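User: I've just opened this one and would like to go through a few spots. Can we take it as questions and answers?

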Amino acid sequence: MQPFIEVKDVVKQYDGHLALDHVSLNVPRGCIYGLLGPNGAGKTSLIRIINQITHPDEGEVLLDGRPMTEDDVIHLGYLPEERGLYKKMKVGEHIVYIGRLKGMTKADAVAAMHEWLERFDLTEWRDKKVEALSKGMQQKVQFINTVIHRPQLLIFDEPFSGFDPVNADQLKVEILRLRDEGATILFSTHNMESVEEICEQISLINHARVVLEGNVDEIRHSHKQNIIAVGIEGKMPLAPDEALYTIVPAPADSRETYVKLADGVSARDVIQRLNERYTLTGFHEILPSMHDIFVNTVKAQSHE
Amino acid sequence: MNKLKLIIAREYMTTVARKSFIFTTLLVPVIMILCMGLPALIAYYNQSGGDVETVAVIDASGRYGTAIHDTEQYHFVVMSADTIADPYKFYNSSDKSLAAIVMIPRDIDSTAQATVFSESTINVTLKSHINNALSDTISQTRLLSYGVPNLQEMVDKANVDVDLKSVKWSESGRETESSTEMAMVLGMVLSLLTYTFVLMYGAMIMNGVIEEKTNRIVEVIVSSCKPFELMMGKIIGVALVGLTQLAIWGVIMGVLSLVLGSIFGADVMAGGQAQAGMQAMQEMGDSVDMAGILKAVMSINYPMIITNFIIYFVGGYLLYAALFAAFGSAVDQAADASQFTTPIILIMIVALYAGIACIENPNGPMAVWCSIIPFTSPVVMMVRLPYDVPFWQIALSVVLLYATACAVVWIAGRIYRTGILLYGKKTSFKEILRWIK
C-alpha cells in the first residue's frame with residue numbers, strides 16, 4: 001500500500017551540526033505513528049520539514065506519492081509542544097482565524113468552531129479572551145486550532161503534556177476518533193505509555209538517525225528477553241532452578257515472580273516443571289515495555 | 001494574498017480593540033490640548049481674575065503722572081509731590097495696600113530717569129508699561145521743544161517697518177507670493193510626523209514580533225502561511241493602526257480646539273499667548289497682515305508636497321518597519337532588542353537633526369546628500385520639499401529609497417524566517433548576517 005507520508009533520505013544541517021542524517025520513514029494512511037527519540041535527536045527538525053516550515057538539504061517528503069509543496073500545508077494540522085495562542089484574542093475568533101488561515105471559508109470555520117467548543121464544553125468561553133482561560137482549557141483551544149480544518153495529516157508534539165488524566169483521556173478519545181474518520185496522525189513524544197496505548201507504528205530517532213522502525217507489537221516481540229511472570233498459590237517462594245530459569249527482579253507492585261528462561265528452554269518445559277511442585281495461578285510472558293526498548297536502544301547507541 | 005489580508009485584518013482588529021490602544025488614542029489629544037491651552041488659561045485668569053491693584057504716582061514734574069494710563073491690572077493714582085517727602089513713610093501710612101509707588105523727578109525731561117518702589121519684586125509687565133508711557137511722553141516733549149512745526153508727524157512718517165514680501169517666479173514666469181516661514185513650518189511638521197510615526201509604530205511591530213515568538217504562536221502560524229506573509233501582514237496591519245490613530249487624533253484635536261475656542265473666546269488664546277512671553281507678537285501683530293499669510297499659505301504647492309509626502313512616508317516606513325520586524329525576530333525578549341534598535345534610532349536622530357539643519361540651507365550639500373541617502377531621505381526631504389527641489393534629485397532619491405526598502409524587506413524576510421523559530425540563543429549581528437545568506 002502506498003504510504004501516506006514518505007520521508008526519503010532527508011538530510012538537514014544547521015550551522016555545521018547534523019540534525020537529520022539520511023532519515024527515511026513511511027507513515028501509512030490512517031495510522032497513528034509515533035516519532036520517538038530523546039531531546040535533541042532531530043524530531044522537531046523532521047516535523048518542521050514535513051510542515052514545510054523549513055526545507056531539507058537533501059532528500060524529499062512525498063505526500064500520497066508526490067512531492068509535498070507549500071500548498072499542502074492546508075491538509076496539515078500541527079500542535080507544537082510549546083503551546084502558543086494570541087492571549088488577547090477571543091476564543092471563538094482565534095479558532096476561526098486559524099481555520100481561515102488554513103483555507104476554510106468563514107462560514108465553515110464558524111460552524112466547526114461551534115461544534116468543537118461544544119465537544120470540549122467550552123461554549124460559554126467563546127467570547128472570553130484566551131488569557132482568561134485556565135491552562136488546561138487553553139490547551140484544548142490549541143487542540144481545536146490544530147484540527148479545525150479537518151486535516152488529513154495531524155502532527156502532535158507531546159499532546160498530553162500538561163493535561164490532567166481526565167482531560168488526557170478525552171483527548172485520546174478525540175485522537176482515536178479523528179483516526180477513525182480517516183486522518184493520519186504523527187505523534188512525537190517521550191511518553192512511552194501513550195505510545196504503547198495508541199501508536200500502531202513507531203520510529204525511534206537518535207543522533208539524527210532512525211535507529212528503530214516498525215509495528216509496536218512486532219518491535220516488542222522482537223525485543224523480548226524470555227521473561228515470564230509466574231504466580232503461585234501460598235506463601236512459599238519460588239525456588240531457583242539454574243537449569244531452567246533464573247529469577248529476575250520484578251516490579252515492586254507485582255505479586256508474581258519474574259523468571260528469565262535459560263537458553264534453549266521453552267516456556268512449556270518450565271510450566272511442566274513448576275506444575276509438578278506448585279499450584280500455578282498465573283503464567284504469562286512479559287514483553288519489554290517501549291520504555292525499556294527506548295532506553296536500551298538509546299544507551300546501546302551512545303556506547304557505540 | 002487571501003492569507004495576507006486575514007493576517008492584516010487580525011493584526012488591525014486586535015490592536016485597535018486593546019484597552020491600551022483606546023486609552024492612548026483618546027488621552028493623548030486631551031493631554032496635548034491641555035498642555036497647549038493651560039498656559040493660555042492660566043494667563044487669562046491671572047490677567048482678569050485678580051483684583052485691580054493701585055499704584056501711586058508721585059509726580060514732581062506735574063506733567064507726567066497723567067501719562068500713565070490704567071491697565072486691566074493696575075490703577076494709577078497721581079499724587080502731588082509737595083505732600084509726600086518720603087515714599088517709604090507714605091507707603092507705610094497707606095496700610096501697605098499700594099502695589100508700588102512711582103517717583104517721577106522734576107527734571108525727568110533731561111535725565112529720563114524715574115524710580116519704582118515696592119516691597120515685593122516688581123512685575124515685568126508693570127515695569128514695561130510705565131517705561132513705555134514715560135518714554136513716549138518724554139520723546140514727545142523733547143520733539144516739541146525743538147520748535148519745528150509738525151515734527152511729530154514727520155517723525156511718525158519716518159518710522160518705517162518694511163514689509164518684505166518674497167516673490168517666487170513660477171515656471172511660466174508668473175509671480176507667486178511665497179512665505180519662507182510657512183514653508184519651513186510645513187516641512188518641519190511633515191518631517192517630524194514621519195520621524196515619530198516610524199519610531200512609534202516600528203517599536204510596536206518589534207514588540208508584536210517578539211510577543212508572537214515568545215508565546216510560540218508563530219510555529220502554528222508559519223505552518224499555515226509563509227513567514228514573509230506573516231511579517232508583511234504585521235507591517236501593513238500596524239501601519240493601518242497608526243493611520244487610524246493619527247486620524248482620530250486629528251479629529252479629536254480639531255473638535256476640542258474648536259469647542260475650547262468657542263467657550264473661552266478667541267481673545268483668551270490670543271491674550272494668553274501674548275502673556276506667555278511673546279510680547280513681540282503684539283508689535284508684529286500690526287505689521288503682519290492676515291491676507292498676506294493666507295496668500296502665502298495658499299501659494300504652497302500642496303498636491304506636489306502631499307504626493308511626495310505619501311511616497312516618502314510609505315517608503316521610509318517600509319524600510320524601518322522591516323528592520324524592526326527582523327530585529328524583533330532575532331531576540332527572545334524585548335530587553336535584548338536594544339543592541340539592534342539603538343543603531344536604528346541613532347540613524348533616525350541623525351536624520352532629524354540633518355532635517356533641522358536643512359532649514360538654514362535647504363539646497364546646501366548636506367541637505368542634498370541627506371535627502372538622497374535612503375535612510376535619512378524620508379525625514380530630510382520633507383524639510384526641503386517646500387523649497388522646490390530639482391526634479392532629478394527627487395527622482396534619484398525616491399528610486400534609491402524604494403530600491404533600498406525592497407532590498408531591506410527582502411533581507412528582513414530572510415532574517416525573520418530564521419529568527420522566529422530560533423530560541424534560547426543570544427543573537428549577534430554576525431549571526432544575523434549568516435542567516436541572510
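User: Let's start at a strand pair. Which residue stands opposite P67(A) in strand 5 of chain A?

Analyst: This is a predicted model, so keep that in mind throughout. Strand 5 covers residues 66-67 of chain A and runs antiparallel to strand 4 of chain A, with 2 bridges joining them. The residue facing P67(A) across that pairing is L62(A).

User: Which turn residue between strands 4 and 5 of chain A has a positive phi?

Analyst: Those two strands make a hairpin, with 2 residues between them. In that turn, a phi of about 55 degrees belongs to D64(A).

User: How far apart are the centres of the two domains of chain A?

Analyst: The domain assignment puts domain 1 at 5-220 and domain 2 at 225-286 of chain A. Taken over C-alpha atoms, the distance between their centres is 43 Å.

User: Which element of chain A has the lowest mean pLDDT?

Analyst: Chain A has a mean pLDDT of 86, and 99% of its residues reach 70 or more. Among its elements, helix 3 (residues 106-119) has the highest mean, at 94. At the other end, with a mean of 80, is helix 6 of chain A (residues 192-198).

User: Over to chain B. Is E11(B) buried or exposed?

Analyst: E11(B) sits in helix 1 of chain B, residues 2-17. Its relative accessibility is 7%, and the cut-off is under 20%, so E11(B) counts as buried.

User: Which side chain does E11(B) make a polar contact with?

Analyst: Setting aside residues up to four places away in sequence, E11(B) touches E212(B), G233(B), K234(B), G237(B) and V238(B). The side-chain polar contact, at 2.9 Å, is with K234(B).

User: What about S377(B), buried or exposed?

Analyst: S377(B) lies in helix 16 of chain B, residues 377-384. Leaving out neighbours within four places in sequence, its contacts include Y312(B), C370(B), M382(B) and L401(B). Since its relative accessibility is 0%, S377(B) counts as buried.

User: Which residue's backbone oxygen lies 3.3 Å from a polar atom of the S377(B) side chain?

Analyst: Here the side chain of S377(B) meets a backbone atom, at 3.3 Å. That oxygen belongs to P374(B).

Key. Residues are numbered from 1 along each chain as its sequence is written. Chains are lettered from A and ligands numbered from 1 in the order in which they are written. Side-chain values use heavy atoms; hydrogens and water are left out. Domain bounds come from an automatic or database domain assignment. pLDDT is the predictor's confidence in each residue, from 0 to 100. Helices (H or I, at least four residues) and strands (E, at least two) are DSSP runs, numbered from the N terminus. Two strands pair if DSSP finds at least two bridges between them. Buried means under 20% relative accessible area, exposed over 50%, partly exposed in between (1.4 Å probe, protein chains only). A polar contact is a pair of N or O atoms within 3.5 Å; within protein, one must be able to donate a hydrogen and the other to accept it, and residues adjacent in sequence count only if both atoms are side-chain atoms. Contact means heavy atoms within 4.5 Å.
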